[in-house]
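Notebook open, viewer open. I'm going through this one piece by piece and jotting down what I look up.

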Number of protein chains: 2
Amino acid sequence: MQPDAISLVPPRGMRDFYPEDMGVRRRIFDAWRGAARSFGFVEYDACVVESLDLLKRKAGEEIGEQIYAFTDKSGRELALRPEMTPTLARMVAARQGSLSFPLKWTTIAQCFRYERMTRGRKREHYQWNLDIIGEASVLAEAEVIGAAYSALATLGLGPADVCTRFSSRAVLSDILRGMDIAPEHHQAVFLALDKRGKLPDEAIGDLLRGEGLSPAQVDRAFGILAIRTLDEASAVAGPQSAAVEDVRSFMAHLQAAGLSDAARFDLSVIRGLSYYTGIVFEGFDTAGSLRAVFGGGRYDDLLKTVGGRPATGVGLGFGDVVIAELLAERGLCQTGGEAAAIAVGYMSVNEQRAAARLAAALRKSGESVDLALSPERAKSFFSRAARNGSLRSVYVGPDDVSAGKCRIKDMRTRQETVAPLP
Amino acid sequence: MQPDAISLVPPRGMRDFYPEDMGVRRRIFDAWRGAARSFGFVEYDACVVESLDLLKRKAGEEIGEQIYAFTDKSGRELALRPEMTPTLARMVAARQGSLSFPLKWTTIAQCFRYERMTRGRKREHYQWNLDIIGEASVLAEAEVIGAAYSALATLGLGPADVCTRFSSRAVLSDILRGMDIAPEHHQAVFLALDKRGKLPDEAIGDLLRGEGLSPAQVDRAFGILAIRTLDEASAVAGPQSAAVEDVRSFMAHLQAAGLSDAARFDLSVIRGLSYYTGIVFEGFDTAGSLRAVFGGGRYDDLLKTVGGRPATGVGLGFGDVVIAELLAERGLCQTGGEAAAIAVGYMSVNEQRAAARLAAALRKSGESVDLALSPERAKSFFSRAARNGSLRSVYVGPDDVSAGKCRIKDMRTRQETVAPLP
């Protein structure tokens, strides 16, 4: 019986990584890990499957609808995480009494969201996370952004390629208070204003009126978007605003880190997730053609919502899809898999044993060796070694075995070096 | 409103990796990747979410019931892969015309199975896979086993700790043919005999009779388990058995690789998965207290079942759970996260800028630096640096800033080195 044809493509929105695709991915992951290590973050991880309860509890409104959820054979409601933050909160809260704060944790986590497929948006991606928990100083924000630029530098990119726009939810709150809009409405105003550009202003006005704001308050809320500088913001927030002072300190830290040119104040940066409470930021390609490269901000209530004690923290998320597109646009994408350094072939089964011993000796000395699994004619061996991208090659024939020597050929220069056959 | 208490543990059978757990995991993954590179394998990967159709098509009978399956919002039937092999078959079949064979691919893939929790068995694990596709020589089997022992050696283990038992489905088939049991029954006999020890012999006899074997044939099938050596097997399989010759070649290759002591012939090794057709093998701890450390074998029809052209291949799977237990038993488990090499602290905000410049300079020189995010008293800084496992520490005070120098303290020897403050 002939089986039905089976699809050879991965599920929609999910990616295969053939060996030649792994080069770019390995480069991005190595840059992330290197930057995290350089900035003193320690790595953690957790399973991509989480309890649905935890994820729903923590997710922003949009994410809630996009969760891949399922029930296991015991009736447990599980899901593929859409982001790492709820898991981080759970893990930290579980050991809040014994962990040493401030903690600086990093992970590269695969995350899933069911959403419409557009450029730079798949249904899964890998996200590099940096989190600092238990530290009030805005040097924390500057450090995670510094680490992000350190990773970008390793990839060949800098402030000329990726700029950071930042704002502060706390400053926004002080501004709203300055406009006589009560604190219980602030969160709703943030989320409504965050929809600007995605919804017509009329619809955003409806959202705000639905929240109970008066027509005058709605006008004032829209007025926020006309504020261009921190000084203008400070004028509305009032001279006592500690939030404005925090932003000034943050900017001084960025300047000290040589990142003044990379970052600018932009009150329209809000970020959709509801858990941010302080400075928020997003990194964009300067050409402005792609989605955000990274984003993050300060959260104060993250642990409290999973039953932990309150702790302030800062997080940054940096996905692999947009950065790969940016690298490709800039011609910085190294493609090609990692070939074995040395290919070893042989003419007949009589030389197989000698070739295997040679391979073992080379491997022992730290070389990566692709030992031919069957005898081959010299011509087909060398053309296969070239096709696979090996840097050097050795072909063992009967004369080599009797002489106890072999010739190691540099595939680029075609020069040969004679070496003993072990 | 107080939210309901939320569980702080991961879903049952799934693992959290706190920073101190990552040390062991990193060591295992590094040993796997290093051995794969040493043996000339190139890395590939694919999403953990696969189409249910593909997974069911390829899975052994037991696995089929253990798949975590779900439906996405478009009604697609998806699942978390229980093993990587179906995905490998799909990816290779999709490009069978353009890939260069034999191909040697490797991956570290998280895999999921819903099953009863026992020692060394969780509901997810990471599995290192090595596959060689398009090569008939049994040197392929010897190479994947050689790579597994290379990884074990990196971890401090050898043939005295892990022994390999191997058999051959092809030899078994020749034996069954020698016993007048028709080829169409062979697969069922393999799977029935594989249940030995899990089911009573009577139940296995019922399975065989259900398959249509006569009482005499059932007796003969059980007789297979009395065969102890390859010579005895050869006597039943007949002198023409190419399968027996393949096993002899395989043993010669193992001997050449210095692995004779590590491996022995054992006809009772069958392996549950239905796709094996040739040599099959399993690596066990020599104490015999744990589940298999690794396993694998030759398959011939893997690509055909997903619509590709036939291609013979060899695969090896090596999970992270059993090896971690074995390392722990042997006292070879390095625990503890990767701490920053240098902790940098400071007395007040006046020294913060100088400390940040020092951190930036050290990072630029390749050091891993944990910069304090707030001023601290010297005592609490040094005790935090010690608790976090930093190797060196620098505490910047006002005198250091005026002198333009700092003292780098070795946390173990307590010796100090004076360095310029940048």
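Predicted model: local features only at pLDDT ≥ 70, side-chain atom pairs only at ≥ 80, totals over all residues.

**Entry 1: how the two copies relate**

Chain A goes onto chain B with a rotation of 180° and 0.0 Å of shift along the axis, at an RMSD of 0.0 Å. That is how a two-fold axis relates its copies. I then checked the contact residues: 100% of those of chain A recur in chain B, so the same surface serves both copies.

Which residue of chain A comes closest to the rotation axis? I find F70(A), with its C-alpha at 2.8 Å.

**Entry 2**

Next I looked at the open sheet of three strands in chain A, which has the order β4-β6-β5 and antiparallel pairing. The edge strands are β4 (49–51) and β5 (68–71), each pairing on one side only. On average, neighbouring strands here are turned by 35° against each other, direction ignored.

I zoomed in on one pair. β5(A) is joined to β6 (residues 77–80) of chain A by four bridges, and the two run antiparallel. As for who faces whom, T71(A) is opposite E77(A) of β6(A).

**Entry 2: F17(A)**

I picked F17(A), which sits in strand β1 (residues 16–17) of chain A. Buried or exposed? F17(A) has a relative accessible area of 8%, and because the cut-off for buried is under 20%, it counts as buried.

I listed what F17(A) touches, leaving out residues up to four places away in sequence. In chain A the contacts are M22(A), R25(A) and Y126(A). Across in chain B they are Y44(B), D45(B), A46(B) and M91(B). I also took one C-alpha distance: F17(A) and K56(A) are 39 residues apart along the chain and separated by 30 Å.

**Entry 3: the two sides of α8(A)**

I went on to helix α8 (residues 201–210) of chain A, whose buried residues are I204(A), G205(A) and L208(A). They span an arc of only 105° around the axis, so they lie on the same side of α8(A). E202(A) and G210(A) are exposed on the other side.

What do the buried residues of α8(A) pack against? I see α7 (186–194) and α9 (215–223) of chain A. Just past the end of α8(A), G212(A) has a positive phi of about 100°.

The peptide bond between F101(A) and P102(A) is cis, with omega about -5°. P102(A) is in the loop between α4 (85–94) and β7 (103–112) of chain A. In chain B, the bond from F101(B) to P102(B) is cis too, with omega near -5°. P102(B) is found in the loop between α4 (85–94) and β7 (103–112) of chain B.

D180(B) is in the loop between α6 (169–178) and α7 (186–194) of chain B. Its relative accessible area is 61%, which makes D180(B) exposed.

R414(B) is another non-glycine with a positive phi, about 65°. Where is R414(B)? I find it in the loop between β17 (405–410) and β18 (416–420) of chain B. R414(B) has 61% relative accessibility and counts as exposed.

**Entry 4: the hairpin around R414(B)**

I stayed there to look at the strands on either side. β17(B) and β18(B) form a hairpin with five residues between the strands, and R414(B) is the one I had noted with a positive phi near 65°. Five bridges join β17(B) to β18(B), and the strands run antiparallel. Across this pair, I408(B) is opposite T417(B) of β18(B).

β17(B) also pairs with strand β16 (residues 392–396) of chain B, in the antiparallel sense and over three bridges. There, S393(B) has K409(B) in β17(B) as its bridge partner.

Note on methods:
Residues numbered from 1 in each chain as written. Chains lettered and ligands numbered in written order. Heavy atoms only, no water. Least-squares fit on C-alpha atoms with pLDDT ≥ 70 in both. Contact = heavy atoms within 4.5 Å. Buried < 20%, exposed > 50% of the residue type's maximum accessible area, 1.4 Å probe, protein only. Arc of directions from axis to C-beta. Pairing = 2+ DSSP bridges. Axes fitted to C-alpha atoms, helices over the stretch in contact; angles between N-to-C directions.
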